[in-house]
Amino acid sequence: MAISTLTRLPPFATSPLSSALFFRHFGKTTIFTVATKNKCQPLSFKSMASSQDNKITAPFGSWKSPITADVVSGSSKRLGGTAVDPQGNLFWLESRPSESGRVVLVKEASKAGDEPIDITPPEFAVRTLAQEYGGGAFRISGDTVIFSNYKDQRLYKQSITSKDSCAVPITPDYGGPVISYADGIFDSRFNRFITVMEDRRVSSINSTTTITAVSLDDGNIQEPKVLVSGNDFYAFPRLDPKGERIAWIEWSHPNMPWDKSELWVGHISETGDVYNCVRVAGYDSNIVESPTEPKWSPTGELFFITDRKNGFWNLHKWVEAKNEVLPLYPLNAEFARPLWVFGMNSYEFIKSEAGKALIACTYRQNGKSYLGILDDVQGSFSLLDIPFTDIDNITSWNNYLYVEGASAIQPSSVAKVTLDGHKLNLVDFKIVWSSSSDCLKYESYFSRPELIEFPTEVPGQNAYAYYYPPTNPLYQASQEEKPPLLLKSHGGPTDETRGILNLSIQYWTSRGWAFVDVNYGGSTGYGREFRERLLGRWGIVDVDDCCSCARFLLENGKADKERLCITGGSAGGYTTLAALAFRDTFKAGASLYGVADLSLLRAETHKFESRYLDKLVGDEKAYFERSPINFVDKFSCPIILFQGLEDKVVPPDQARKIYKALKEKGLPVALVEYEGEQHGFRKAENIKFTIEQQMVFFARLIGRFDVADPITPIKIDNFDEH
């Protein structure tokens, strides 16, 4: 259950030029190191803060901060992908909390000083609900964009050359948003658009997914033509340069795409049908792999990413003549991410001025992202030193790469990376889009994440987290006081938290909270073996690792034992509830659209995740024993719940059941429900309300401090007087 994003993020996540604090635990010894670009130096355990003489002494949690909930909610623009037209104009997809989460395609300003141009007409929003998490909602070719419209889920065609151009539907009207499209590509050979189609007309829980072709003939809306069908799920339909072959990824229940998937290639006949199909990867029972992101080179060679042999997603090439798969640059690093959303683009083909074919790509290793240029002929990799420590998608044009990324001091952004003629060296790095363009004015309040590696319950196994210490240039606490700690468990659970600038975290740390974001066993970014720690043990490994992380911080004097809190959304909400039910580490918790009843989730969730739990949980006994709703008697501390009423991934009944049970038990509990919200909150007013109510809830129940902000608390059952 990943938190819904448009796309849905290091030894130390910060600029390569800045310093960083690492601390790792070896038995009973904790070693602290300051790392700079060129050297490492030992550091004492004492605070590295500058002189405290001029600071106001006040309790942790009570500090005043300019990073308000309004600032957080206003900075929550999300990026849904980038594209470049033939003239080199950059386009991006952004969601806007100030417009109730509306998603708009935007064109970069034509000249410096001008404002970017909204391409999407006001009555439209570019968002697909395919597999609920969406992604891949638009595609540009020439002067035309094809996009999915959120309200009716139909595909529309629009010119991108004019701000006021009309959007024209190209798929039938089925009387409602019952068919969704994603991850489409243009097929100029037959003047059509090839796309993944999810059909929910018969069943919203057991939908049918196919690869289809949509005619682009003007004024002639036709029923989409099915090209590939028969399996449960499809992604990444990709045509070769001549339009004669198509590659795609498919997988079937009970697998998720990162468990086991298949790469296929088919030929396209003179009538536009797919025939003579061959399975390129994923067919050998002796090789466990999950191929992803197939792409044809300009010369017609098929490349893709898979995790065969070393358990890490690496780049590979298919030698068609021999039906052989060759690794390009084996490395214990992840060149791809789990397929939660459509439309990921982790690498691009580029060409030097001398005509040499190269691959621009990104990989992630030990918690840090790297950008570089791969020469697959020589097997060499040239790193590009850019400030981003976290990278998602890449788009290319001529001498430029447009890179989606972030760092500890840079929020989610798009950077224009200029390369030299050889395409091997960095010439310039410039931010062209930011999710929060004015956030750097708060930089003195930013808490820098510290990557920690901590021991787990399993001897010899460690897990990872990013620790953010309380940071405020105007305040300090007394030397005797330890800060309250908020531990976050990420969603997925097959996902990864990343040490990047997130103002919702800075909201807490700038007020005097310590914050830790955990990558428990089962998270991505550390290879298949680490990812599969959670198989059959969801609700055990993740909970144990979160508790182990909290204990590790307590042992190192980083938090107050009596003020440990836990929060999480979706699968992280489940870990939160499970930790509160089955362990006694935390004193309060907040669950955002979290899971309380595993059996109910299995019965009610959408098709994409309907068999996910089979591998994560196990037999019926495990479903019962790991569902917090069945053990309300074990809860002993306050909980606040937040839920979107249109959530189809974790339906509202989950939050309502646990709320009712805890209320009847007599524990302090509160439930907040949002009309019009789905899986993950998109409206600015709801983002603001959620973070403020968490803060004041914890402050009132376990904080021992007064919140500096004027927040009106909601009623807490079994706590507030009637």
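Me: Why does R279 count as partly exposed?
Reply: Buried means under 20% relative accessible area, exposed over 50%, and partly exposed in between (1.4 Å probe, protein chains only). R279 has 32% relative accessibility and therefore counts as partly exposed. The model is predicted, so local features need pLDDT of at least 70 and side-chain atom pairs count only at pLDDT 80 or more, while totals for chains, interfaces and linings use all residues. Residues are numbered from 1 along each chain as its sequence is written, and side-chain values use heavy atoms, with hydrogens and water left out.

Me: What makes the meeting of R279 and E262 a salt bridge?
Reply: The term requires a side-chain nitrogen of Lys or Arg within 4 Å of a carboxyl oxygen of Asp or Glu. For R279 and E262 the N to O distance is 3.0 Å, and the pair is a salt bridge. R279 belongs to strand β20 (residues 274-281) and E262 to strand β19 (residues 262-268), so the pair ties together parts that are 17 residues apart in sequence. Strands (E, at least two residues) and helices (H or I, at least four) are DSSP runs, numbered from the N terminus. E262, at 15% relative accessibility, counts as buried.

Me: Which residue forms a salt bridge with R96?
Reply: The partner of R96 is D118, and their closest N and O atoms are 2.8 Å apart. Because R96 lies in strand β6 (residues 90-96) and D118 in strand β8 (residues 117-118), the bridge ties together parts that are 22 residues apart in sequence. R96 has 11% relative accessibility and counts as buried, whereas D118, at 27%, counts as partly exposed.

Me: How many salt bridges does a search of the whole structure find?
Reply: The search finds 46. One of the pairs is R201 with D199, whose closest N and O atoms are 2.7 Å apart. A network of salt bridges also links R337, R364, D390, D392, E496 and R498.

Me: Why are α4 and α5 called roughly perpendicular?
Reply: Axes are lines fitted to C-alpha atoms, for helices over the stretch in contact, and angles run from 0 to 180 degrees between N-to-C directions. Angles under 35 degrees count as roughly parallel, over 145 as roughly antiparallel, 65 to 115 as roughly perpendicular and the rest as oblique. The axes of α4 (residues 541-555) and α5 (residues 571-582) come within 9 Å and cross at roughly 70 degrees; the two helices are therefore roughly perpendicular to each other. The contact (heavy atoms within 4.5 Å) is made by D542, V543 and C546 of α4 and by Y574, T575, A578 and A579 of α5.

Me: Why is strand β34 described as largely enclosed?
Reply: Six of the seven residues of β34 (residues 462-468) are buried, so the rest of the structure largely encloses this strand. Likewise, five of the six residues of β33 are buried, so β33 is largely enclosed as well.

Me: What makes β33 and β34 a pair of strands?
Reply: Two strands pair if DSSP finds at least two bridges between them. Six bridges join β33 (residues 450-455) to β34, and the two run antiparallel. E450 stands opposite Y467 of β34, and F454 stands opposite A463. β33 and β34 form a hairpin with six residues between them, where G460 in the turn has a positive phi of about 85 degrees.

Me: Which strand do five bridges join to β34?
Reply: That strand is β37 (residues 514-519), which runs antiparallel to β34. In β37, V516 is the bridge partner of Y467.
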